[in-house]
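I opened a new page in my notebook today. I wanted to look up a pocket and a sheet.

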Amino acid sequence: MWRQEAGTVVRRVAPFPEQAIAPFAIFAGLQIPRVPTEWAPHSHPRHELVWVRGGTLTSRVADRVFTVSEGYGLWMPAGVVHGGRATAGAQFHEAFFAPDRTPSAFAFEEPRAIAMTPLLESLLIHLSSTDLDAAARARAESVVFDVLQPSERQFALQLPGDSRIDTIAEALLDDPADSRSLEEWARWLGISDRTITRAFRQATGLSFAQWRQALRVHRALTHLSEGLDVTTISEVLGYAQPSTFIAAFRRITGTTPGAFFDAADGTPEGVRNPVPSVQNS
């Protein structure tokens, strides 16, 4: 995924305590990593919904990187192998759903971004209590399934998975500010710029320039959640001036950096899908 922050702790996920939560259709919890934390690739026997407050979460699933910021959650189907990384101090929430007690409407085969409305978040936090009586839990769980909806924003960055251009993708993930042109990459790799263009289109559905722009917006979400101002973010991501960054952010998300998080606290579905319609994105 992205370059690891200094002090990142890599953890392995403990075996799932199925015997402890077997009576529950939905089991929720909270943790607050004090340092940047990465979870090694793993899977769960239950569906998982994760969301954050005061930070961001990135998750790698095969050849895609998902970015989860405030106002959104990520639904991970049972059995799907994934790794994750949370920024330091983020409130990391997770809820697990028993597959045999989850309505078929939520039988997603792929990870999905979920709109974390205040009502949905409150219900799941309510269900984190283990002393609810059976009737109260059943009522809350039924409402969760009524209000849980996929988001129109599906923040998935498709990685190329093509040996001809993987070096470019890896370099840009490590340093999104790398401003080498298509021609410079072609000379460095000893292939034609036309080959690079075709490879990006075939692998991601985007041109090289569009893909780099989408990658930078994914990274910008983390910086925004950390409280960095637009001027600083534009410099960190290699933009010549803040207005250029704002224009690029608007092209991808349909809104400005400041309005993005304002919308997340209200009705996130009011803005169009920020990532072009490409494979798995």
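My entries on the pocket and the sheet follow.

**Ground rules.** I am working with a predicted model, where local features need pLDDT of at least 70, side-chain atom pairs count only at pLDDT 80 or more, and totals for chains, interfaces and linings use all residues. Residues are numbered from 1 along each chain as its sequence is written, and side-chain values use heavy atoms, without hydrogens and water.

I looked up the largest pocket and noted a volume of about 390 Å³. A pocket is an open set of points on a 1 Å grid over the protein atoms alone where a 1.4 Å probe fits, with protein on both sides within 12 Å along at least five of seven lines. The volume is the space filled by probe spheres set on the points, which are joined across faces, edges and corners. Its lining (residues with an atom within 4 Å of a point) has 23 residues, and V13, Q31, H44, E48 and E94 are the closest to the centre. I sorted the lining into 12 nonpolar, 7 polar (Gly counts here) and 4 charged residues.

**Sheet.** Next I traced an open sheet of 6 strands, in the order β1-β3-β8-β5-β6-β11, with mixed pairing. Strands are DSSP runs (E, at least two residues), and two pair if DSSP finds at least two bridges between them. β1 (9–11) and β11 (156–158) stand at the edges with a single partner strand each, so one side of each lacks a neighbour in the sheet. I then checked β1 and β3: they pair in the parallel sense over 3 bridges. V10 stands opposite E38 in β3.

Terms used:
Helices (H or I, at least four residues) and strands (E, at least two) are DSSP runs, numbered from the N terminus.
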